[in-house]
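Please look through the notes below with the model open beside you. They are set out as numbered points, to be taken in order.

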Amino acid sequence: MKRHVTPAIALLMGLSFHAAAADYPERDITNVVVWSAGGGTDVANRVVSAEMNAFLPRRINVVNKPGGVAGSIGMSHVSNQPADGYTLAGLSESNVAAAVQGGWENTFDSWYPFIIGGSPDLISVGSNSSYTTLEELVEAASSGDVTIKAAAGGSGSVHHLNLLAFEKGTGADLNFIPYPGSAPGQNAAITGEVSVVITSLAEQQQLIAADRLRPLAVLTDSSVDIEGTGEIPSAFDSYPQLKEYLPIRQTIGFAVRDDAPEEVKETLEQAFEQALETDAVKQWAEDNYFQLSGKTGEEASEEFSRLESLFSWTLYDLESASINPEELNIPRP
């Protein structure tokens, strides 16, 4: 039998919920990273969550729930939890394409995001690869004589989108192999399971320093210099037509459900802002070629909305989306 809730009971329930939010957090918070352990989203969330713990009365514990389409399994899990701020979603720009790829039914305005920052993408090969330059790779991938497997995170990730844009701008034809995150994709390139990997500099830099990955180019309009490795050229130097499609930049952070109480959002914002000012976070960002952002609330939502438009329509125009963005009211960028 359906229970009838009187206005008085509803008022009491609302007051109780407001009181609970005012005391937030009374227990530990769980940050569910929707990509695999060891990847850029995972590491950034673990570093920042650890520093936020110093400014909260309870801890933020980070767990991983990868899988699905563009992180849809983890996002669905968090969105199905109560909107009380005790379950966060560790996200990246790659998740904004979940809706047009049929991964879940919500668009990104269902989140209230906090942006940590990001790092530029590299196209690299294993250290034992026969490809020593970007030109050699593109020539081989354009000949049609060989099948070159490429890892670029999960389907719909920023790395996948950069791979599609790279193919479009160079004429290369790469066989995309999806992985549940950057770390397993990078390992696949190291072991020779795939020939090419596109992930961020922050994620690759230790593997490059250990001579396990060989960077061929950075997918931005300027080169980067890595201490101990030297300058990594811009892919635009050899293929200026890439400017029509790139750069598409990484945006990593976390989010709470948009319908969470304002007191919860304010508490998280204060701890987040303080965490980004700590020496530990600043040093980590410097060491890992990671540019900090710190955007929250409306400003962060606007950035993710722009990315959702860009990713959704780019994937649709490249015939890699199953749903027309118009059907989801996602405007063209």
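1. P25 is found in the loop that runs between α1 (7-22) and β1 (29-33), where helices (H or I, at least four residues) and strands (E, at least two) are DSSP runs, numbered from the N terminus. The peptide bond from Y24 to P25 is cis, with omega near -5 degrees.

2. Before going further, please note that this is a predicted model, in which local features need pLDDT of at least 70 and side-chain atom pairs count only at pLDDT 80 or more, while totals for chains, interfaces and linings use all residues. Residues are numbered from 1 along each chain as its sequence is written, and side-chain values use heavy atoms, with hydrogens and water left out.

3. A cis peptide bond also joins L246 and P247, with omega about 0 degrees, and P247 is placed in the loop between α8 (235-238) and β12 (252-257). P247 is also one of the residues that line the second largest cavity, whose volume is about 50 Å³.

4. In the loop between α10 (279-287) and β13 (291-292) sits Y289, which has a positive phi of about 55 degrees although it is not a glycine.

5. How many cavities of 30 Å³ or more does a search of the whole structure find? The search finds 2, a cavity being a set of points on a 1 Å grid over the protein atoms alone where a 1.4 Å probe fits but cannot get out, with lining residues having an atom within 4 Å of a point. A volume is the space filled by probe spheres set on the points, which are joined across faces, edges and corners.

6. The largest cavity has a volume of about 120 Å³, and of the 19 residues that line it, the closest to its centre are W35, T41, H159, S182 and E203. The largest share of this lining, 3 residues, comes from α2.

7. Helix α5 (residues 158-170) and helix α11 (residues 297-317) pack at an angle of about 45 degrees, with their axes 11 Å apart; axes are lines fitted to C-alpha atoms, for helices over the stretch in contact, and angles run from 0 to 180 degrees between N-to-C directions. The two helices α5 and α11 are therefore oblique to each other, since angles under 35 degrees count as roughly parallel, over 145 as roughly antiparallel, 65 to 115 as roughly perpendicular and the rest as oblique. V158, L161 and L164 of α5 meet F311, T314 and L315 of α11 in this contact, which means heavy atoms within 4.5 Å.

How values were computed. On a 1 Å grid over the protein atoms alone, a cavity is a set of points where a 1.4 Å probe fits but cannot get out, and a pocket is an open set with protein on both sides within 12 Å along at least five of seven lines; lining residues have an atom within 4 Å of a point.
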